[in-house]
Amino acid sequence: MEIAIRRKTCSSYGQGMLWIIFISICYFANGQLRYSVPEEMVKGSVISNVATDLGIDVQRLKSGRARIVAGDSSRYVELNTDKGILVVNERIDRETVCNEISLCSFSIEIIIENPIELFEITIEIKDINDHAPKFPNDEINIEISEAALPGARFLLDSAYDPDVGINTIQSYNLKPTDNFVLKQETRSDGSKYIEMMLQSPVDREKQEDLSLTLTAIDGGHPPRSGVMKINVKVLDANDNAPVFTKKLYRAAIPENSSKGTFVTKVSANDSDKGINGEVTYAFRQTEKHSGEFEIDKKSGEIFVRENIDFENKQKYEISIEARDHGGFTDSCAVIVDIIDMNDHIPIITLTSFTNPVSEDAAPGTTIAVINVKDLDSGENGQVNCFISEDSPFAIKSSIRNFFTLRTIKMLDREKHSEYNVTVTATDEGSPPLSSNKTLHIRVSDVNDNAPVFQQRSYDVSLIENNTPGVSIFTVKANDADCCQNARVSYLLDDSEVNGVSASSLVSVNAESGVIHAVHSFDYEKLKEFQVKVRAQDAGSPPLSGNATVRIIIQDQNDNAPQILYPVQSGGSSVAEMVPRSADVGYLVTKVVAVDVDSGQNAWLSYKLQKATDRALFEVGSQNGEIRTIRPVSDKDAMKQRLTVIVEDNGQPSRSATVNVNVMVADSFPEVLSEFSDNTHDKDYNDNLTFYLVLALAVVSFLFILSLVVIISVKIYRWRQSRIFYQSNLPVIPYYPTLYSDAGGTGTLQHMHNYEVYMTTDSRKSDCKFVRPSSQSVLMVDPTSAEIMARAGNEKSIMDEPDLVS
């Protein structure tokens, strides 16, 4: 126990009783005693013998009605005048009396009357280890990605021990330490904060949940401890933790700042993308002063929540955690100083400004010179300037109070044609005041972008037989530059299409990019071709881009079907023979036609337009085959004439017709007889019939002439043989094999030659067929019956054997 006594006596000299009375009243003593006692002493515990320490008799205490008259904490002690001792009146809790103050004491004053003496007693309360460390939570959950690298840190809540000195928390212990190790650091103010650091990777597939125990131990005798359970859940995927741009933020705000006053902003960056890169902010440690502030969990901005009183607390230290969605965290501390008053803001003056700035300006080009003045002095008048970090500009300090705004990287007008750069000037006052000035910077264009077509190649359709000069297509190229550098003109690259220049086929409008057809196109001659169009800007030097246009000519139904078979030319027509024994479905012939168009314009259909007997024949709509649709009877006319129309599928459709002559007969003699009977019934005024008769007459004349020559030659040779060979042997006459009749019967030779031409380009694709005389194709001519009959009679004469006289 420490005792310090100081006595001071004051007296007055006078005469008589009045002076004696005055001295007895005014006499007082002023002394000091200091005691040190442990906290938590029970009521009635003796602190000290005050009478002995002050050197006063106990009777003096009684007679002078000694009592405690002052002190906010006087209720904790009581003066026992009977014994002259100071005792504990109420249990003293140091943490209640002094809160967090290390040196805890309170003072009382004892007064004694007759004469008056005043004594001041200071009682220092010594801390005892009566509190165990306690964590804010008995159990916490931590999530960690299995991709976390060794060295990843997790801020842990510190335990709280209201004891002071050696009795407060001295160390922390973490078990087990297979994957994690505990890191303890002491801040500049002596407070400690703890982090759990990953020292070896975790593997979720091996162990998904880990259980750790954190123990806080104080320095008392015996030591006390507090325990917090840490549940670690291992997650997949997220492999980057948030990282604060600063580990310690400092801010200063005036006292009594209104609710919502901005304090500062913390910022943490996460290299991940998407949801794993989103960071949320929160206070980590619940303390008595954390209610004065609130933090925006999205932006990291800290605001005043409750009234701030400088007299209660001059500094706040807040622990902030940044957490991403994968469970990674980082921490920082924000120290908020409560101070007064900075009442002048910096004044920003634009001294020089170059605007616009060419987009090819080299990095380091000076854009503006800024002068900043602050009427305050000292730190409050020292000003710093900065701009937002997401611009291609930087502000640099020049001479005193002057700053230069410069480019730090190349500009690109096509990405950003203008910038609003906010220059912020902040003084170094407490709290700092700042002012802003926004510079609107325009970027001038250089010709650094070539025209670009919307597509590298185009496919364009054009219907044939177009009008010359018609618009085919419009190409469009865009140039990211502006003004003169973005004026685009279109040119046609000179190339050849099927041996001719592309410019002779199409042309392009230099201003609009419209492609025109120079002349009309024919699908049957040219089905498609390609041209190259070049877009060139008006910059210096000019830049250009190319595109290929493929023009596809579409077919139009401009060609009628062409009949290949049966062939109709000159004055004769082909007749098909159908035996009277033909049954239903008998193939009479097939009409063959083609269309040089394409697609549906070349799809042909066949119809029977007219017929001598419609009930006897039909035409296949798709294949052009003419077949019987009922059995042929004796009543059916021998000569049948069919008119077949062939139509394509175009819009509008085109068509061609062909006449097919059909002879219903079983043999050629019957056909020839029919032609002989009906020779005089023909209309000789028909030009076609006239030419046919004339041709047959010429052929008949030549045939008879040939027979006469042959007979004359045979007779001549026979007579010569009779003259030169006078013998008794019989003479065997000679007959040419052409006129020999192997069968000995019939009116016509057994073999006849027919020539069939499959196309109108006749003689280049001849096919000659040898048919029996009974087959059904023959040349129909009104005079052919007589010629054939006469030829038969002459043949029979020639075939008779000569008589030898």
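Modeller: Two strands are taken to pair if DSSP finds at least two bridges between them, while helices (H or I, at least four residues) and strands (E, at least two) are themselves DSSP runs, numbered from the N terminus. This is a predicted model, in which local features need a pLDDT of at least 70 and side-chain atom pairs count only at pLDDT 80 or more, whereas totals for chains, interfaces and linings use all residues. Residues are numbered from 1 along each chain as its sequence is written, and side-chain values use heavy atoms, with hydrogens and water left out.

Colleague: With that settled, which residue in E12 is the bridge partner of Gln184?

Modeller: Strand E11 (residues 180-186) runs antiparallel to E12, and 7 bridges join the two. Within this pairing of E11 with E12, the bridge partner of Gln184 is Ile194.

Colleague: And which residue in E12 stands opposite Arg153?

Modeller: Here the pairing is with strand E9 (residues 153-156), which is joined to E12 by 4 bridges and is again described as antiparallel. The residue in E12 that stands opposite Arg153 is Met197.

Colleague: How many of the 7 residues of E12 are buried?

Modeller: Burial is judged by relative accessible area, with buried meaning under 20%, exposed over 50%, and partly exposed in between (1.4 Å probe, protein chains only). By that criterion E12 is mostly covered, and the number of its 7 residues that are buried is 6.

Colleague: Turning to Lys233, with which residue does it form a salt bridge?

Modeller: Lys233 is found in strand E14 (residues 225-235) and counts as partly exposed because its relative accessibility is 32%. Leaving aside residues up to four places away in sequence, it touches Ile142, Glu143, Ile144, Glu208 and Asp209, and its C-alpha atom is 6.2 Å from that of Ile144, 89 residues apart along the chain. A salt bridge requires a side-chain nitrogen of Lys or Arg within 4 Å of a carboxyl oxygen of Asp or Glu; here the closest N and O atoms are 3.2 Å apart, and the partner of Lys233 is Glu208.

Colleague: How many salt bridges does the structure hold?

Modeller: One of them joins the side chains of Arg60 and Glu117 (3.3 Å, N to O); Arg60 lies in helix H3 (residues 58-63) and Glu117 in strand E7 (residues 117-126), so the pair ties together parts that are 57 residues apart in sequence. Both partners are buried, Arg60 at 17% and Glu117 at 5%. By contrast, in the Asp459 to Arg550 bridge, with closest N and O atoms 3.1 Å apart, Asp459 is exposed at 54% and Arg550 is partly exposed at 23%. The number of salt bridges in the structure is 21.

Colleague: What is the handedness of the disulfide of Cys98 and Cys104?

Modeller: A disulfide is a pair of cysteine sulfur atoms within 2.5 Å, and the structure holds 1, which joins Cys98 to Cys104 with an S to S distance of 1.7 Å. Cys98 counts as buried at 8% relative accessibility, as does Cys104 at 1%. The torsion about the S-S bond is about 75°, so the disulfide is right-handed.

Colleague: Which cysteine has the sulfur nearest to that of Cys482?

Modeller: Cys482 counts as partly exposed, because its relative accessibility is 23%. Cys482 is in no disulfide, and the nearest cysteine sulfur, 3.3 Å away, is that of Cys483.

Definitions and conventions:
Contact = heavy atoms within 4.5 Å.
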